Amino acid sequence: MNLNELDYQVVEGSRRDHEVVIYALSTCGFCKRAISFLKDKDYAFRYIHLDQIPLETKNEIKQVLRERFKENPAFPFAVIDDSQHLIGFIQPDWEKTLGL
């Protein structure tokens, strides 16, 4: 599966220091906080709610993330510059990784 072919929601922002992709659940409070955090910082990013796509596709995405980053995905799962990742939303970690 090519993750770049998924139907992401795109959020425009003036900050483009890093390419940020968020894998989230629509009902997850931490996911909502992560998305709000990026919007508040005026970060450009894209995201997808995995609970709103077919289960088979969701499982394929989780498998790709697991193989690529050697960690079991938990949400939110952020991929930064296609090389780093963050699991969960701990604001100081996000600020440090994104250079904020």
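Here is a short chat about how this predicted model is described.

Visitor: What should I keep in mind about the numbers?
Guide: Residues count from 1 along each chain as its sequence is written. This is a predicted model, where local features need pLDDT of at least 70, side-chain atom pairs count only at pLDDT 80 or more, totals for chains, interfaces and linings use all residues, and side-chain values use heavy atoms, with hydrogens and water left out.

Visitor: How do you know how many helices and strands there are in the protein?
Guide: They are DSSP runs, numbered from the N terminus: helices are H or I with at least four residues, strands are E with at least two. That gives 3 helices and 5 strands, and along the sequence they read β-β-α-β-α-β-β-α.

Visitor: What makes β1 and β5 stand at the edges?
Guide: Strands pair if DSSP finds at least two bridges between them. The open sheet has the order β1-β3-β2-β4-β5, with mixed pairing. β1 (9–11) and β5 (84–87) each have a single partner strand, so one side of each lacks a neighbour in the sheet.

Visitor: How do you know that β4 and β5 pair, given the bridges that join them?
Guide: The cut-off is at least two bridges, and 4 bridges join these antiparallel strands, so they count as a pair. In β5, H85 is the bridge partner of V79.

Visitor: What makes α3 a helix that packs on the sheet?
Guide: Contact means heavy atoms within 4.5 Å, and α3 touches β2, β4 and β5. The direction of α3 makes about 170° with that of β5; axes here are lines fitted to C-alpha atoms, for helices over the stretch in contact, with angles from 0 to 180 degrees between N-to-C directions.

Visitor: Why is the largest set called a nonpolar core?
Guide: Because such a core is a set of buried Ala, Val, Leu, Ile, Met, Phe, Trp, Tyr and Cys residues joined through side-chain atoms within 4.5 Å. Buried means under 20% relative accessible area, exposed over 50%, partly exposed in between (1.4 Å probe, protein chains only). The largest core has 34 residues, and I22, Y23, L38 and W94 have the most contacts inside it. Among its suppliers, α1 (29–40) and α2 (55–69) each give at least two residues. Leaving out residues up to four places away in sequence, I22 touches L38, F45 and W94, among others.

Visitor: How do you know that the radius of gyration agrees with a compact globule?
Guide: The rule is 2.2 Å times the number of residues to the power 0.38, with the radius taken over C-alpha atoms. For 100 residues that is near 13 Å, and the protein has 13 Å, so the two agree.
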